[in-house]
Amino acid sequence: MLSRIVFLMSFLLISCTEKYIDYELPFEGEKLVLNGLLISETKAKIKISHTWKPLGDVPADVSVRDALVILLEDAVLMDTLQYVGDSYQSNINIKSGHKYRIRAMRMGYNDVISNEILVPKNDVDFSYQQTKDINYSLGWDTPQDQIDVTLNDNKSNKNVYAIYFDLNLKAKNLDFSGFWESLDKTKSTTNNDKGCFLSESIDLDGVKQKIKVYNSRCFLGINPTFHFYLDKAYYDSDSFVQGYYKIPNPRLYVLKLDENFWQYLQLKSQPKEFNLAFEAPHTTYTNINGGYGIIGAASQAFVALTMNCKICK
Amino acid sequence: MLLFLLISMSSLSQTLTISGYVQDYKTGEKLIGASIFNENAKKGTITNNYGFFSIELPSNNSHLKVSYVGYETKKITNLVATGFTIIELSSNNNLLQEVEVHANKNNDIAGYVHIPIEKLKNIPALLGEPDVIRALSYTPGISAGQEGTTGLYVRGGTPDQNLILLDEAPVYNAAHFGGFVSVFNPSSLKNIDVYKAGFPARYGGRLSSVLDIAMKDGNNKAFEGEASLGIIGSNVSLQGPLVKEKASFIISGRYSNIGLLSALGNSKSSASEEGTTTAYSFYDFNAKLNWLLTKKTQMFLSFFTGKDYVKINNYDKYYNNHLALDWGNMTGTFRISNVISPKVFGKLAIIYSKFGANQFTDRVILKDDGAIQTRQIINSESGVEDITGKLRFDIFPNNKISLVTGIDITHHLFSPSVVKTNYTTNIDSVAKLENKLKANEYGAYIEGEVHVLSNLTLNTGLRYTLYQVPENNYGGLEPRFNLNYQMGNGWSFKYGFSRMNQFINLLSNNSTGLPNDIWVPSTSKAPPQFSNQSSLGFYKKNNAYGLDISLECYYKSMSNLIDYPEGVNFLGSFDTKWDDIVIKNGQGRAYGIELSIAKNKGVFTGWIAYTLSKSERIFNAINKGLWYPSTYDRPHNLSIVGTYNLTKKWSINAVWIYQSGHALTLPSAAMTDIDGFPSLVYSGRNNQRTPDAHRLDLGFSRKSIGRIEKTLSLGLYNAYNHANPYALDVVTKAVNGGKQLTIKQYSLFSIIPSISYSIKF
């Protein structure tokens, strides 16, 4: 009996209750949302949708397909974007070193226009080295490739880079869960502050890519080398039944991002649940006047990778 | 020279000067704020913080009436000119039930609050443990934040803007984990003074409040003790003479019982060899020695230490993670006081204070055979350490003027973070985090109370503080001004102005009382905060009915505030370059009206406290540079506190509180993000509020008085089980095949019964 009483008291003491409550949140009205990353030497692709009430049913489809969308290059109207697939696409390629704005108009919504975005100069310089081949054996940590990527940044502290591996997932229709990444801090970085590194998922050419983003201000005068471990998550789609897949034509991409997009990525994640006790949600970052979303810019370089997985199909 | 002249002039007149101490007849405990009054001459004074008084009387009329709340009034005749006397008052148990919430002491100052220790025990508290911080939060203008937090929010300020002193030593962390109880054990306390405005010049270094707590000196006539057992903790206190009427001691200790309960929450799965064990405990220990070296010279040595411990261990066949946190305060005060002359009282104090927090993690990965494969040990420490010297003189030139002057010198040593680890690849980071920061703070002050007219008193002062950090010096004059006008028929008017500087900052992401609070000094990049506050009020006192009514309003501006940039918190990652990270040069403003109605006589006593207030902040880099409500801005705050003595043995007490919800940031819309997932749009900081909070706490106590006084207390916290909001979150819920965004409210404490039993002998 005593133990039951003590347990009850303990339960009361440590209990934390949760409940759904009725709450009225004012809604500012529907606004247009523009999202896209302008990458040099490629066509602009912009997705347009609209906002909805912060509480209540989540609409199944909020895309806006009938807007008038124009592209301004160095303040001159250059193109009207056409709706193709699920986004508005330009007929011309984006050029590095130029400034762009996107403007969208649609009946029933306020006109929106992005801030002027400078596409970084196309001088991405990096090297890579595959330092470990697949070494398959039964166990939780294999197969695994290690790839070292060195950014030749001339020891600049003003650039932001994103690195991702295009594993041609769309073609194979495989759903790989991600990759592990490790930084050799003694060699690569002198500052491991929060705010130097980000892991994000963004839509690039119709594929959700997991990107790692680095700000060179954190490297204080060195060209950093990053070590990526492509572990079994890349191969292990159905290992017991079908074995491991060898990825066809994998590529390593390095993007040089504009500072504006870095700011957006930094503030993209909001604290949730337990973290709300430590940090308030922050104001949503946008560079769209009259609406929401982000138009970023990047120049890019890539290299084809060779996967050495001997046991893969 | 001026002081000497004043003293000399007064001694030439045909008067006699009576000085001495007022103390408790049974214990010898000095009584702070006792009233000494000559009815014929209509002249009076009160004892200072050390129980000392000095009064000048006509040579042909030296009768005195000495009174103190809870004590029988004493009339004294035939006093000797320029004599030194010790006046002893007898406590009256019947009068204890009529203790005033707002005593006469420091009555000249607007924004002053006094809660007698005995009154604390009549206020129901969480899990039945009487508590200073909780009791203060039921007074106007002071809020304890939401449940589960430990901070004290005074007139729109933040917890780090409160100067909390225990026997003059600063206490940096005033509450135990989760705000269950403060670190102040009521059985060891003698007096609590709180200033929300009109700060006397002897205090400095914080913007929003001063909480000056004095420990008991110890009974120098007979042994006595107290012991109690409750859900939160067990408490023992002993005091008595070392040399009768010359030297005394008091020791008191409190240890938590929560560890017994939390152990039951541990889980273990024998099948998978997985498990989690948790343990929490805290303790407080107070000790004080008091030695009367001569009739006029007294020496004190007081000590306090308290700590919280949390241990979490989770394990399975392949790993064993151990996390141990501990944090706490330690203070020590050596004080010697001397009655230099009937008109001059002097005091010298050497004070040590330390707050430290440690975090120890031990991560072990095991092989199949149970042998250790890898082991990572990290021990991080942070804290602040102070050594202070204080010299003070209380001077009483005549009945119209009394002066307090002195100097304070403090050496601060800040250790924002010191990390030790066996994880060698992090060695660069470790070296970087071992920096310690030093600072010196010098203060000089003079304050004077001048009775300009029989019904008009001015209490003015000036403080100068010089603050030295390695790269810079900061200094500033801090004028203080208080006016008290007695309008007659129990009515009075008070006005106070004070300027305050603050030279330290608390980097904290919350106020749950976890050891992620880091104290850092002001720097050239984040210069000292300062505030200006004006406060005025009307007061009505009705002695016949024991009623005290006050209506005060205030306006406080704050400058050089700091906050965290959006998207940044210090949880788990702190760098000594904090002043590069935080947002600086913020402004704050807080204003409000406070109403208090207290009934201090009769079988029913209690008070109603209501505050209507607003507290806002502005930073260039937050909320688009617009004003926004501070997190703990609560426009309406109402407390109703009552005690009803059913019989001489039984009493019932109750507290009902109502608070507007605290400000928080909620979305103004939802949208699709660049990754194609739904996300919420936040367009303003603290743009909404949680639902209002309210709660009823009940307490019953039965006291049997005899040779051993026994008290049984039963309590019910949150009697009608209202779910008060701790946090709100917008979550996605699956509904009828679709998704719905809705708000989830997190609450901490539901209805909690409590029982405690105490004896006093």
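In this predicted model, F184(B) makes contact, beyond its neighbours within four places in sequence, with V132(B), I164(B), L166(B), V171(B), A174(B), L189(B), I213(B) and R254(B). A second core, separate and made up of 28 residues, has I232(B), F282(B), Y474(B) and A727(B) among its members. F184(B) itself belongs to the largest nonpolar core, which holds 32 residues; together with L136(B) and L211(B), F184(B) touches the most other members. Several elements of chain B give two or more residues to this core, namely the helices α3 (117-120) and α4 (132-136) and the strands β11 (162-166), β13 (189-195), β14 (209-215), β34 (604-618) and β37 (650-659). Of these, α4(B) provides the largest share, with four residues.

A227(B) sits in strand β15 (residues 224-229) of chain B. Its relative accessible area is 24%, so A227(B) counts as partly exposed. Apart from neighbours within four places in sequence, A227(B) is in contact with N235(B) and V236(B), and also with Y757(B), S758(B) and I759(B).

T643(B) gives another view of chain B, from strand β36 (residues 636-645). T643(B) is classed as buried because its relative accessibility is 4%, and the cut-off for that class is under 20%. Residues up to four places away in sequence aside, T643(B) touches N122(B), V603(B), F604(B), T605(B), I652(B) and N653(B).

On the surface of chain B, a nonpolar patch is formed by L242(B), V243(B), L289(B), W291(B), L293(B), L301(B), F334(B), L348(B), I350(B), L391(B), I407(B) and I409(B), and together these residues have about 970 Å² of accessible area. Four strands of chain B, β16 (233-243), β19 (274-292), β22 (344-366) and β24 (401-421), each contribute at least two residues to the patch. I409(B) lies in β24, and with a relative accessible area of 43% I409(B) is partly exposed.

Turning to chain A, the secondary structure consists of five helices and 20 strands. Of the 313 residues in this chain, 49% are buried. Among contacts in chain A with a separation of 6 or more, 69% join residues 24 or more positions apart. The accessible surface of chain A is about 15,500 Å², and carbon and sulfur atoms account for 50% of that area.

Strand β2 (residues 32-39) of chain A is largely enclosed by the rest of the structure, because eight of its eight residues are buried. In a regular strand, side chains alternate between the two faces of the sheet. For β2(A), one side carries L32(A), L34(A), G36(A) and L38(A), while the other carries V33(A), N35(A), L37(A) and I39(A), and both faces are covered.

Which strands pair with β2(A)? Strand β3 (residues 43-50) of chain A runs antiparallel to β2(A) and is joined to it by four bridges, with L34(A) standing opposite I48(A). Three residues lie between the two strands of this hairpin, in which E41(A) adopts a positive phi near 65°. Strand β20 (residues 292-304) of chain A pairs with β2(A) in the parallel sense, over seven bridges. Here L37(A) stands opposite G296(A).

Note on methods. Residues are numbered from 1 along each chain as its sequence is written. Chains are lettered from A and ligands numbered from 1 in the order in which they are written. This is a predicted model: local features need pLDDT of at least 70, side-chain atom pairs count only at pLDDT 80 or more; totals for chains, interfaces and linings use all residues. Side-chain values use heavy atoms; hydrogens and water are left out. Buried means under 20% relative accessible area, exposed over 50%, partly exposed in between (1.4 Å probe, protein chains only). Contact means heavy atoms within 4.5 Å. Accessible areas come from the Shrake-Rupley method with a 1.4 Å probe; for residues, only the protein chains shown count as cover. Patches are made of residues with over 30% relative accessible area and no salt bridge: like charges are joined within 9 Å, nonpolar side chains (Val, Leu, Ile, Met, Phe, Trp, Tyr) within 5 Å. A salt bridge is a side-chain nitrogen of Lys or Arg within 4 Å of a carboxyl oxygen of Asp or Glu. Two strands pair if DSSP finds at least two bridges between them. A nonpolar core is a set of buried Ala, Val, Leu, Ile, Met, Phe, Trp, Tyr and Cys residues joined through side-chain atoms within 4.5 Å.
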